[in-house]
Amino acid sequence: MSGPVTDIATVADARSTPRTRRRVVVRGVVQGVGFRPFVYTLASELGLTGWVTNNADGVETEVEGPDRDVTAFCTRLASDAPPLAVVESVTHRAVRATGGSGFTIRPSAGGAGRTLVSPDTATCDDCLREMADPADRRHRHPFISCTHCGPRFTVVTGLPYDRALTTMAGFPMCADCAREYEDPADRRFHAQPVACHACGPRLGLITGPGRAASLTGEDALAGARRLLAAGAVVAVKGLGGYHLACDASDITAVRTLRERKNRGAKPFAVMTGSLETVERLAFTGPEERDLLLGRRRPVVLLRRRDGGESLVTDGVAPGSPDLGVLMPYTPLHHLLLGLPGDPAGPPVLVMTSGNRSGEPIVTDDEEALSRLDGLADAWLTHDRPVHVPCDDSVVRICDGRELPVRRSRGYAPMPVALPVPVEPALAVGGDLKNTFCVAEGGYAWLSAHVGDMDDLATLTAFETAVGHLSELTSVTPRVLVADRHPGYRSGQWAERRAAGRPVRRVQHHHAHVASTMAEHGLDGSAPVIGVAFDGTGFGDDGAVWGGEVLLADYDGFRRFAHLAYVPLPGGDAAVRNPYRMALSHLRSAGIPWSDDLPCAAVCAPGERRLLERQLERGINCVPTSSMGRLFDAVASLAGVCHRVEYEAQAAMELESAAVAAGDMESGGYRFRLVSGRSEAGAPPLSAAGASPLSAAGASLLADPGPVLSAAAADIRAGAGAATVAARFHGAVITLVHDVCRAARDRTGLATVALSGGVFCNALLTSGCTRRLEGDGFTVLRHRGVPPNDGGLALGQLMVAARVTASER
């Protein structure tokens with residue numbers, strides 16, 4: 001950035017050119033991203049006078065000068081914006097010219113309005129160069145940042161975005177930082193987290209029972225690196241909370257962390273500072289490398305390579321074909337992994353959320369010492385508070401496009417543009433992988449990942465996050481939206497907090513389909529064929545749905561097809577023990593429970609007799625059409641997984657087996673499609689009388705019996721688990737194609753929306769997309785919000801809070 005212009009009036013010849021003045025308001029992500037110095041520099045370049053300020057609505061500026069230059073200024077506000085800015089709108093109007101001889105940056109103004117806060121952003125290259133430069137005053141500073149990088153969402157306590165309304169308010173700037181902060185020509189002009197060694201924040205390493213830092217500053221960092229190299233588990237404070245870290249190559253350290261956290265076999269994510277190291281561990285394409293090195297820095301799920309065991313022990317991700325990898329996104333992470341010339345340390349670290357199983361990520365320092373006691377051997381902490389929790393995002397690439405698995409740090413709270421306006425609303429999401437959203441008008445703001453709503457700590461974190469996001473967006477909800485499941489804690493919370501506001505309920509799978517429609521910009525004027533496959537969703541008939549094909553718009557849905565019901569014996573017991581689901585499916589298909597089938601062999605004789613009586617009498621056997629539970633059943637039938645220690649473990653391991661086989665086409669299995677009764681959701685589709693959906697007819701039942709029979713025959717014939725897994729995936733892909741083709745034949749619809757947690761399976765998503773697009777369908781799949789319950793709130797919102805044409 002060039003130096004400041006001291007007298008802008010001398011640049012423009014005001015005496016010979018007519019002057020105009022305009023007041024301009026820029027809305028979007030325009031605070032904390034260097035927008036005011038950009039405006040200052042742009043005005044200087046064009047020779048304009050005036051001022052710029054932050055307010056609660058965005059950035060406001062007045063400029064005066066020749067009309068052509070003022071017009072160019074308004075245009076370039078969007079086209080030339082800083083890299084972290086997202087300009088949603090630029091509005092301007094003529095005001096009376098006042099003259100003047102300079103351009104000033106005014107203090108921020110408060111007041112009502114709305115602006116957008118930037119997500120936390122990975123350390124930029126300029127800051128990294130300074131941090132590694134011994135001659136720079138921020139050499140090895142663990143909190144280096146500028147207007148192009150650093151914390152935003154997790155440190156903002158209110159708007160407008162100024163230092164006094166961030167968690168940096170307690171760190172007075174030293175003279176050098178203050179000079180940079182006030183200089184419009186500096187990269188750190190009004191960078192609210194600006195700091196250096198002199199003004200903080202400061203590191204501390206806690207290792208002893210006294211809970212006081214035994215080492216501080218650079219010594220704390222060096223001590224943490226020594227502990228990690230020696231096999232310790234260290235709690236490391238990041239942008240949105242604490243991580244638990246250990247050496248990924250140390251078998252004992254990884255096992256210790258897994259046992260302490262009661263994590264079962266669930267994979268850990270790993271962090272490394274070198275793209276070359278990533279390439280040794282896993283396969284990457286250009287899209288994966290862009291994610292790994294970009295400013296968002298999510299955990300990227302990559303297909304593992306053989307031969308990386310020296311860097312990452314098998315215990316990091318047992319049984320998984322994927323390895324979750326992220327690159328360092330804070331200065332502290334870079335220093336922890338080591339700069340050139342540092343003593344050798346672990347090149348790859350396990351980096352998992354700092355919490356106990358089922359609890360939200362820890363952010364408070366005192367809570368970290370208590371809640372992580374017994375998990376961590378030491379705490380590498382610092383004195384900058386984390387205002388709002390924000391876990392790492394998780395993304396995979398499927399057919400060259402992003403497939404979000406968890407949308408959190410780096411993405412939240414970026415808004416989702418809505419295809420039609422909504423009234424001010426709060427959609428509370430579901431109980432698993434909870435993410436909520438607030439919305440008004442044309443935008444929805446999705447929260448960071450909250451977690452599973454099964455304990456008081458998560459409910460407390462949920463309530464705090466709702467208040468924070470509502471304040472940042474200035475949304476005062478007039479309606480609350482929740483899932484129809486009467487037992488969901490999220491829905492119960494909405495009822496308790498309604499305070500006279502309506503609480504509208506939306507069917508689970510309808511919300512899944514609607515979320516896909518919304519992120520693709522569909523206004524709901526035409527229905528889609530919605531394929532919603534997941535593990536659990538409360539059905540309108542009281543059954544557990546999850547293998548659904550709906551004809552849906554935002555106003556309603558019809559259940560065009562679904563998996564045939566089978567009993568879910570024991571509810572959660574069947575979810576935790578896939579062999580129970582396998583035996584239920586076999587019984588429904590008329591296949592004997594012989595010991596030559598792995599799922600029967602693993603079930604003890606006594607339990608088998610009890611299970612048979614339970615199924616015969618229908619005791620605690622809710623019917624289910626769940627595709628997720630069918631994946632579980634086939635995983636056990638094939639001998640892949642009989643008991644699960646984390647959600648979707650059996651399905652993930654079945655996908656892994658199918659990847660190993662490769663061929664999903666030869667010898668494939670087929671579902672049997674039979675006509676069922678006529679079914680509809682409530683409310684009915686808005687255009688039901690005149691719509692082609694009125695000709696949809698009776699629903700179709702997809703009977704998995706032939707699939708189970710063929711799989712059992714393959715197993716008895718000696719086929720390996722990989723073959724069974726691949727052929728099963730092929731059968732599901734064929735089922736989706738057959739049902740969608742039947743729906744098109746009956747209704748003329750040719751747009752398919754794929755949603756639900758089962759479509760986190762890249763093999764299935766890719767196969768369905770390829771088959772459908774090859775037959776002329778338009779396929780909508782998730783790219784901005786997760787297909788699992790982390791995207792549910794967006795669909796709830798569009799179904800229940802949309803402003804209809806008659807209301808506008």
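This is a predicted model: local features need pLDDT of at least 70, side-chain atom pairs count only at pLDDT 80 or more; totals for chains, interfaces and linings use all residues.

Reader: What makes F631 and F728 an aromatic pair, and of which kind?

Author: A pair of aromatic rings is described by the distance of the centres and the angle of the planes. The centres of F631 and F728 lie 4.9 Å apart, and a pair needs them within 6.5 Å, so the two rings pair. Their planes stand at 80 degrees, and over 60 counts as edge-to-face, so that is the name for this pair.

Reader: Which parts of the chain does the pair of F631 and F728 tie together?

Author: F631 lies in helix α18 (residues 627-637) and F728 in helix α21 (residues 721-747), so the pair links parts that are 97 residues apart in sequence.

Reader: How many aromatic pairs are there by this rule?

Author: The count comes to eight. Another of them is F436 with F462, edge-to-face at 5.3 Å centre to centre and 75 degrees between the planes. F436 sits in the loop between β18 (415-427) and β19 (437-446), whereas F462 belongs to helix α11 (residues 456-473), so this pair joins parts 26 residues apart in sequence. Both F436 and F462 are buried, and together with W493 they form one aromatic cluster.

Reader: How do you know that R409 lies over the face of Y329?

Author: One part of the test is that CZ of Arg is within 6 Å of the ring centre. R409 is at 3.5 Å from the ring centre of Y329, so that distance passes. Likewise, the charged end of R559 sits over the ring of W545, 3.8 Å from its centre.

Reader: Let's turn to helix α2 (residues 67-79). Which of the residues of α2 are buried?

Author: They are D69, V70, F73, C74 and L77. They cover an arc of only 145 degrees around the axis, which puts them on the same side of α2. An α-helix has 3.6 residues a turn, so residues three or four places apart point the same way.

Reader: What covers the buried residues of α2, and which exposed residues are on the face turned away?

Author: The cover includes β1 (19-31), α1 (35-46), β3 (58-66) and β4 (86-95). The face turned away from the buried side carries the exposed residues R68, T75 and S79.

Methods. Residues are numbered from 1 along each chain as its sequence is written. Side-chain values use heavy atoms; hydrogens and water are left out. Helices (H or I, at least four residues) and strands (E, at least two) are DSSP runs, numbered from the N terminus. The expected span of a helix is 1.5 Å times one less than its number of residues. Buried means under 20% relative accessible area, exposed over 50%, partly exposed in between (1.4 Å probe, protein chains only). The arc is that of the directions from the helix axis to the C-beta atoms. Contact means heavy atoms within 4.5 Å. Rings of Phe, Tyr and Trp (its six-membered ring) pair if their centres lie within 6.5 Å; planes under 30 degrees apart count as stacked, over 60 as edge-to-face and the rest as tilted. A charge sits over a ring if NZ of Lys or CZ of Arg is within 6 Å of the ring centre and within 35 degrees of the ring normal.
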